[in-house]
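Okay, everyone, thanks for coming.

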Amino acid sequence: MDLRSHYLGLELKNPLVPSASPLSRDLDTARQLEDYGASAIVMYSLFEEALHSEHEHQMRLLSQQEHGHSEASNYLPLGSLEGSELDNYLEHIRRLKSSLEIPVIASLNGISLDGWVDNGKLLAEAGADALELNVYNVAADPMVSGAEMEAQYIALLRELHQVVDIPITVKLSPYFSSLGHFVKQLEAAGAKGVSLFNRFYQPDIDVDSLRVSPTLHLSRSDDVLLGMRWLGILHGRVDLSLAATGGIHTDEDAVKMILAGADITHVCSVLLRHGPRHLRRILNGISHWLDDSPYESLDQARGVLSHRQMDNPAAYERASYVELLSGYSPNRSSWR
Amino acid sequence: MSAKMISLDGNEAAAHIAHLTNEVIAIYPITPASPMGEYADTWTAEGRKNLWGSVPQVIELQSEGGAAGTIHGALQSGALSTTFTASQGLLLMLPNMYKIAGELTPTVFHIAARSLACQGLSIFCDHSDVMSARATGFAMLASNSVQEVMDTALIAQAATLASRIPVLHFFDGFRTSHEVAKIEQVSDEVVRAMIDDELVSAHRRRAMNPERPVLRGTSQNPDVYFQARESVNPLYEAMPAIVQACMDRFAELTGRQYHLYDYFGAEDAERVIVLMGSGVDTSREVVEHLTAHGEKVGVLAVRLYRPLDPTALLAALPATTRSIAVLDRTKEPGADGEPLYKDLIAAVAQDAATGQGRFGQMPRIIGGRYGLSSKEFTPGMVKAVFDELGKDQPKHGFTIGINDDLTHSSLDWDAGFRPDCTQQTVNALFYGLGADGTVSANKNSIKIIGEATELHAQGYFVYDSKKSGAVTVSHLRFGPQPIRSAYLIGPDEAQFVACHQGSFIERYDMLDNACDGATFLLNSTAGPEQAWETLPRAMQQQIIDKKLKFYVIDAYQVAEQSGMGRRINTIMQTCFFAISGILPKEQAIAAIKDAAQKTYGAKGEKLVQMNFLAIDNSLANLHQVSVPERASSDFERPALVPSQAPAFVQEVTARIIAGQGDLLAVSQLPNDGTWPTATSQWEKRNISLEIPVWDEELCIHCGKCPLVCPHGVIRSKVFDPALTKDAPPTFKHVPVKGKEFPEGWHISYQVAPEDCTGCTLCVDICPVKDKKNPGRRAINMAAQPPLREAEKLNWDFFLSLPEYDRSRIRPTVIKEAMIAQPLFEFSGACTGCGETPYLKLASQLFGDRMMIANATGCSSIYGGNLPTTPWATDPNGRGPTWNNSLFEDNAEFGLGMRVAVDKQAELARELLEALRPELGDGLVNDLLDADQSDEAGIYEQRQRVTTLQEKLPGIDRPEAKQLSEITDMLTHKSVWIVGGDGWAYDIGFGGLDHVLASGRNVNILVLDTEVYSNTGGQTSKATPRGAVAKFSAGGKPTPKKDLAMIAMSYENVYVAQVAYGAKDIQTLKTFIEAESFDGPSIIIAYSPCIAWGNDMKYNHEMQNMAIRSGHWSLFRYDPRRRLQGENPLQLDSKAPSQGYRDFVQNETRFSMLWSKHPEDAEHFLHESQFEARARFHHYEQLAAIHFDKPEDDQDTPEEQ
């Protein structure tokens, strides 16, 4: 059974890579993921904002801690403040590297030169095998054009590429007007892969407190289809590793992605829900499917249903929308 | 062995030895001993090992009683064990201390001595607590300075192991426990050499062990108890020699020789003072001075107070002694002398009775009291005592340090007297804001100077009684010799005075303490050219007269430029070093930078660089002001209290506010602890640079801002606009929205400009957004100074408008409930406090009939710490009546109030019946059957009571007179039992549980901050799993106790959880339902606290996240609903909709664990998330159970 996959120049024993999530925070859990078959692991994200707010927070704590009341000159045992988020992250890379056999991919979530370049360099030096840049930015400013936004990312990536020698992949949101073009630009700027797609926390409104609050809904299998379409479209058109992420819950989801052209498939929500053991179940499912399939290796199957390989590429494009809608029969009772 | 010099305080010195020489440490927070437990817990969390290479176990208990019990058990089971406490905590340990001593168990309890609560609580120092323990059988060893604390802690440990007699090691709270001093550290080698492992083994061999079972704790009878009690005598007789042997051994190892009774002074002294504690050092200074001037005086320091060794004590006194003053730092009302005095009298008398006494002539012995509640004990006072001893008829039973104009016990003293040795020290005073880092910078300066030079250093810090805008005054001394001045820097003594907040120049006479030619440093936004003009005239004159060097810096601007935000401490510290001349400037600056590197290095390079930049910028922005020859200012410091304040406030309160409480005479103070309420209104603190401003055009009159305001500074009132014809020109009022108000009436939302603390929570809660100006709301912050004068007038006018008729308010509607006058206002609570809105709400709803039992804690401090109280009165003079008994007994205290009220009401009703013929059926029936369930009903009953009071004097029966004294009891009284989680979940839980079970009509309000807030944020059983708090430096490993579930198990208790910032209407309904329930009710109120480490401007959002994540649920359990066939439990919050991770990552108390122990943090997070979900699900299931209306009791015949 040949499940070998290639991602960012790394040879992986299979295509299942747990994506950036809290699961990698704990060394034991990370080891379990490896034991249950993970072929690499993406660490939880290091947020640029978290580093900034940590700094602000430390500044404030250092001053507000001192309270000036005779019974409580301060609060909280300050010794616990030692060590920064960044230091801990770097240390965690080292620990994961020393206790895992599989590659460790560091994940960086930021939008500024400081955030990407300085920290990216440190992550590489700490031993990460690759770097995933998490593009997590809602383009809320109507004065910034899509082109400007894209140019900003490209510039940052180019800077980073110059200072780190490990492969860089970019995790994208689906909200780019011409995704293929943007991905090509990323490739030109030095990216070795892209990962499709990022999921945003969605704001929600609390009608009691009259506040807007973020909510987190774990992904569902239905969520895979958006990423699958774009993997299908990009496969063979770019010389980049392609990772599928968002909504891969079953072996079937994973196989679909590979058929569409993904080099690897990330898993996250399903592991958060069912634990690391579930990884083995998905992996076994992929093996069984490959057994029953006409292919000898996953590499053979990879991308056979991509846009370029399709007899009917319209399935990935707008035409399929019309077909679908005309075939959709609403539940009439709900209209009454 | 070469000694290492270190700078630390007395608590750390004691904890250092205790942690090094013990295996089990049981702790419980109490001021001023809490830091000892905190140090021990932190060191254990860091893995610091004891003498035997093992990390001591530190365990927090639910009370000091619990800690003592645990120590008893641990000692009986062979572990070396210790604890730390003070004051009421020590009292709670007494029962166990008798047991521990009775069983001859070696241990040392370290006590930061503190006053006991009598007419008032005091956290400050005297010996009334340790004196209460003198009969327990513990030996008692006193330390008089920080150095002695570390030394004696070790001597005590060695002596207890050798003697088997437990030791109470005490030192003066604050003065010694919190004084930072440069001392010689006792090395681990010395500790090792002092502790005999064979004695440790002997302790272990005596332990309980099923391999060699014994029986202890027997019940003994008249036949043997007495003899057994006397069987310990040989050990007590041996103890003094053992202690002295340990002192001698210690001297061999360190060169510091102590004796059981150390005498200092002239060998041929005639006048001697005998005392214990920090006063010894001050007395030594004076003795040295006086003997150098030829006087025959001396001082005897009592170190071993129990068992007292009279022979050694008398041997230490010069045989020439003619008169002795024994100073006790305690008071025993009704006694003819305090304990140490009596011990000395007995010793001298016994000695004289032998016929071969130490003294040729029986000396004259007088006793006196000093230093109660940290009253200053200065050289002038010591000299006054010596002067008294020189008189023919010296006064016995004197007091020193106060003006007793009532019984004339006090001695006069010269406040300006200073011994010669004080000429050698450089004295520096720093006035800072509690939160501006002044104290930590000064502690840092002491370390810098201590390490960089041979100079000795001392730092003592005086704090405010307020928690918001608190002022700290740091007293620093530096000198070539060890500093023994255990008193504050006084008038004309300081060579350096720094004012870190410009606004203080309006409030304090700080230059009184400056000596001639001193340096004055002011943080001011006015530049060097303008700064002079900002000073009050008297201050200018002082600068001219004393020829002060005057420097200014705009530290806030430098902080901003350096990326430090508003953190000015490094900047002011740099200025101190640059101009005080204590160290050469270059050396000083290098040392500060080195200190910044050490302090912030571990927290990131960015912080270090920022501090370096701030240091450099400080030097560039520090300017000397050229002082004119004449004062030019046209203003003086404003009066602290307005002239319309009541006489008591003018004469007493105002002087306390001004920092002159020490000058009040005995007769001016209430003798039974009774103080007037409604006094915080007179203490205008002006601590906020910004205040909210109402936008009357946008406002929808929802009432949310007055509801959330923690300090009661935003008020709403509805009134007839005809009353506004004389309103100040900028007074805002608009027609009130809503048909429920009289037509044409207006509403005003008014801010008290001088009382606002600037928390911004009113702006945060405002639901109205200005669609034309995004970011603006119907209430917005604006700079206070330009608004202050106009808004003062508006505020006074607002107060002069009549209150709206309470009986016409629908209390369940927020905008209407908020029109009611708050009878809780302008407390000293922290800015953004999460507790006070609940108290204010209760006071608005029920204030005119509230009786409050308040557990010790934050709410008792901001509620009852002098000089003023926020509990206020309505225009009829009614308002909450408030009392604080103790920490542990509050539920029972409140229950007592209920029982008393009910009993008197019962008596009143019986008397009404008895007087029915005279009063008439109508009035009696109306009074007896009154429905007082709403405001109108209470109003009518009060009218009836007034009628009754008018009629009673005309009735010539004893019952009429009896009834006239208790007619008030015929109106409803709302009893509230208020306290924090430390009380309700821990120390007071037993009583709380009993009160819940009592069925009595009390309202219990638990202000749940999830830590012991008042004592500095120690873990309670309300602390959630994974939260970092003191005593849980590694994150609390166990979950929060579900107090509500326990209360619900009684089924006849009204139980609710609320969070006003998340769902105010549910909070409002809960308070009304709880109060109306005729039985026990308990409201557990989520109260975000500064101790959580977050900026309190996010208070409401923190409440919301707690609910969205499932950490906190809102519900009400109303037993009355069962009678209606409804499920008593109503769940008022939705299922968790947000990850628990988001909740914990937003709160410092949780998130800080990730930076140190990420895996533990992750582990706690998962468990907490699971528990939160499960708990909500459990409540959901309980709330979904179907209830049937109970069927009528078949046995009860229906009425025909």
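So, where the two chains touch: 42 residues of chain A are in contact with 56 residues of chain B. "In contact" here is a distance rule: the C-beta atoms of the two residues, placed from the backbone, lie within 7 Å. Three elements of chain A give two or more residues to the side that touches chain B, namely α2 (48–64), α3 (85–99) and β10 (211–215). The largest share of that side is from α2(A), with nine residues. By class, the side of chain A that touches chain B has 13 nonpolar, 19 polar and 10 charged residues. For those classes, Ala, Val, Leu, Ile, Met, Phe, Trp, Tyr, Cys and Pro count as nonpolar, Asp, Glu, Lys and Arg as charged, and the others, Gly among them, as polar.

A quick word on what you're looking at. This is a predicted model, where local features need pLDDT of at least 70 and side-chain atom pairs count only at pLDDT 80 or more, while totals for chains, interfaces and linings use all residues. Residues are numbered from 1 along each chain as its sequence is written, and chains are lettered from A and ligands numbered from 1 in the order in which they are written.

Now chain A by itself. Chain A has 12 helices and 12 strands. Those are DSSP runs, numbered from the N terminus: helices are H or I with at least four residues, strands are E with at least two. Of the 336 residues of chain A, 46% count as buried. Buried means that 20 or more other C-beta atoms lie within 10 Å of the residue's own; with 12 or fewer it is exposed, and in between it is partly exposed, with C-beta atoms placed from the backbone. And if you take contacts in chain A between residues at least 6 apart in sequence, 70% of them join residues at least 24 apart.

Let's look at one helix pair in there. How do α5(A) and α6(A) cross? Helix α5 (residues 146–163) of chain A and helix α6 (residues 179–188) of chain A have axes that come within 9 Å and cross at roughly 20°. The axes are lines fitted to C-alpha atoms, for helices over the stretch in contact, and angles run from 0 to 180 degrees between N-to-C directions. So α5(A) is roughly parallel to α6(A); the cut-offs are under 35 degrees for roughly parallel, over 145 for roughly antiparallel, 65 to 115 for roughly perpendicular, and oblique for the rest. In this pair, E150(A), I154(A) and L157(A) from α5(A) meet F182(A), Q185(A) and L186(A) from α6(A). That contact has four nonpolar, one polar and one charged residues.

The peptide bond from L196(A) to F197(A) is cis, with omega near -5°. You'll find F197(A) in the loop between β8 (193–196) and β9 (202–206) of chain A. For background, most peptide bonds are trans, and most residues other than glycine have a negative phi.

Over to chain B, with its 41 helices and 38 strands. Buried residues make up 54% of the 1200 residues in chain B. A compact globule of 1200 residues would have a radius of gyration near 33 Å, and chain B agrees, with 32 Å. That radius is taken over C-alpha atoms, and the globule rule is 2.2 Å times the number of residues to the power 0.38.

Here's a helix pair in chain B too. Helix α18 (residues 569–580) and helix α19 (residues 585–600) of chain B pack at about 155°, with axes 9 Å apart. So α18(B) is roughly antiparallel to α19(B). Their contact divides into six nonpolar, three polar and one charged.

From R306(B) to P307(B) the peptide bond is cis, with omega near -10°, and P307(B) lies in the loop between β12 (304–306) and α12 (310–316) of chain B.

Last stop: is H408(B) buried or exposed? H408(B) isn't a glycine, yet it has a positive phi of about 55°. It counts as exposed, because it has 11 C-beta neighbours inside 10 Å. E1010(B) also has a positive phi, near 65°, but E1010(B) counts as buried, with 30 C-beta neighbours inside 10 Å.
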